Amino acid sequence: MQLGLSKQKVARAKRMAAKVISGDYQVQYRLLDDHCLELRNTNPGTTVRIDVQPQGNPANTTRVFRRIYVCLGALKLGFQAGMRDFLGFDGTFMKGPFPGQILTAVGLDSNNGIYPLTYAVVEAETFQSWTWFLELLGEDLNLGPRSNFTFISDRQKCGRATTVNHFQRAMYELKEMHEIVHHAVSVIPASSWTKFHFSGRAHTDCLLNNLCEVFNSKIEYARDQPIITCLEYIREYLMKRLCVVQAAINKCETLLTPTATQLFEVIKKEVARYVDQYNGAGKYQVGCPWQDQYVVDLNDRSYTCRNWEITGMPCKHAVASIWDRIANSEDSSPMEEYVHPCYKTTTWRAMYFNQIDPINGRSLWPRSESPYTLLPPKHHKQVGRPKKKRKRGVDEARGQTSNLSRRYVSVTCAKCGNKCHNSRTCKGQGELVNPELLEDRGVC
């Protein structure tokens, strides 16, 4: 439009427009108490806790924000109906002008999809912030000191062996290949990372924390927004997700969920090569002769293989025994009845039965009676452009598939053929290479 605008003026206009759309970063902290009241009123059973920085002067009417914890009532009831004592934990950093981390706890539903349970915005990933987060989560789930709950962190990659013998054999092979790695792994208690220590209450053999990574990718936009806008974006995503999954549940007519049905069909196909022997007292010897043989007791799922106990789904050895029992007219129950109820469509429907309700606009929020005014956390502006990309771990590759890194790659000169310099900076450090080769490279 033939207008001459400086970059600074355009940047100011952009900030003004963003403030109208997303809200003011500092003002939203003063409205956080009102927002929490509205959230509790519209969604019964919701837990919202705000933690502030310690204040030396009790007479001061202001408090500096430190943390907020949110566990929606509908998600709490749905998780308890899912019958899976399993949660993954992870954290991702905020991208706005104020520092912070979003901590999340994500479980699995009956269809092996992610089931976000609770989330929190804290000052940083520290021992104190994680302890605060886990204590509130324990109160919501009524977890005691001996609850036998299963957690998985972003450490990932647990041992896949389901029995002690298989684990010891794998550790021996690791020692033969690399003794230093074997020593480093042996220092870590095996009870915290090996599958054969799984209690079976989680009803899953999930070894990776990808469920939290998936949820973090869905809330990417929220990480760059003011505090209330961030929390509302997460709540709205969860609200819409419950509706989408509920539509899929209404189309499901099988006893098991779609994913569980597919997994069970794969297990059935692996049974064809197995032979079972019955002892007449409820026990079977199943497997390939002299190789993969296990003793199966259909009355006790904690048999040698332990896959049925860990996952809640009959393994190939158990399926072979069940088929033999059905063939001998000793049992008329369908095969799916042996699968744990956490994989059934009725359980899936119960998890998503409760819905997250929308909230009113800011003008209709109740007024908080708190005598204190919340202030944003103190932030020291870092030098340089703000970081927006995810921080990579020390063990992650720095290069990308589309643009490979040239790190640690020596440059070869096109004139003399020596390394560590190019043709532009070449000063005759070595003898000239084949003249014909230089002519092919366009060097005179």
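Biologist: Why is Ile102 called buried?

Modeller: Its relative accessible area is 0%. Buried means under 20% relative accessible area, exposed means over 50%, and partly exposed lies in between (1.4 Å probe, protein chains only). Ile102 has 0%, so Ile102 is buried.

Biologist: What kind of model is this, and how are its residues numbered?

Modeller: This is a predicted model: local features need pLDDT of at least 70, side-chain atom pairs count only at pLDDT 80 or more, and totals for chains, interfaces and linings use all residues. Residues are numbered from 1 along each chain as its sequence is written, and side-chain values use heavy atoms, with hydrogens and water left out.

Biologist: Where does Ile102 lie, and what is it in contact with?

Modeller: Ile102 lies in strand β4, residues 101–108. Strands (E, at least two residues) and helices (H or I, at least four) are DSSP runs, numbered from the N terminus. Contact means heavy atoms within 4.5 Å. Leaving aside neighbours within four places in sequence, Ile102 is in contact with residues including Asp90, Ala120, Ile219 and Cys230. Ile102 and Cys230 are 128 residues apart in sequence. In space they are 9.9 Å apart, C-alpha to C-alpha.

Biologist: How many helices and strands does the protein have, and what share of it is buried?

Modeller: The protein has 14 helices and 10 strands. Of its 444 residues, 42% count as buried. Residues 24 or more positions apart account for 67% of the contacts with a separation of 6 or more.

Biologist: Why are α3 and α9 called roughly parallel?

Modeller: α3 (residues 32–42) and α9 (residues 227–251) pack at an angle of about 20 degrees. Their axes are 10 Å apart. Axes are lines fitted to C-alpha atoms, for helices over the stretch in contact, and angles run from 0 to 180 degrees between N-to-C directions. Angles under 35 degrees count as roughly parallel, over 145 as roughly antiparallel, 65 to 115 as roughly perpendicular and the rest as oblique. The two helices are therefore roughly parallel to each other.

Biologist: Which residues make that contact, and how do they divide by class?

Modeller: From α3 come Leu32, His35 and Leu39. From α9 come Ile227, Ile228, Leu231, Glu232 and Arg235. They divide into five nonpolar, one polar and two charged. Ala, Val, Leu, Ile, Met, Phe, Trp, Tyr, Cys and Pro count as nonpolar, Asp, Glu, Lys and Arg as charged, and the others, Gly among them, as polar.

Biologist: What makes α3 mostly covered?

Modeller: Eight of its 11 residues are buried. Among them are Leu32, His35 and Leu39. What covers the buried residues includes β1 (47–52), β2 (62–71) and α9.

Biologist: Are α10 and α12 roughly parallel or roughly perpendicular?

Modeller: α10 (residues 258–269) and α12 (residues 316–327) pack at an angle of about 75 degrees, with their axes 9 Å apart. They are therefore roughly perpendicular to each other. In α10, Phe264, Ile267 and Lys268 meet Lys316, Val319 and Trp323 in α12. By class, that contact has four nonpolar, no polar and two charged residues.

Biologist: Why does His203 count as buried?

Modeller: His203 has 12% relative accessibility, so His203 counts as buried. His203 sits in the loop between α7 (179–187) and α8 (210–218).

Biologist: What makes a polar contact between His203 and His340?

Modeller: The distance between their side chains is 3.2 Å. A polar contact is a pair of N or O atoms within 3.5 Å; within protein, one must be able to donate a hydrogen and the other to accept it, and residues adjacent in sequence count only if both atoms are side-chain atoms. The His203 and His340 side chains make such a contact. His203 is also in contact with Met83.

Biologist: What is the phi of Met83?

Modeller: Met83 has a positive phi of about 60 degrees, although Met83 is not a glycine. Most residues other than glycine have a negative phi. Met83 is found in the loop between α4 (73–81) and β3 (86–93).
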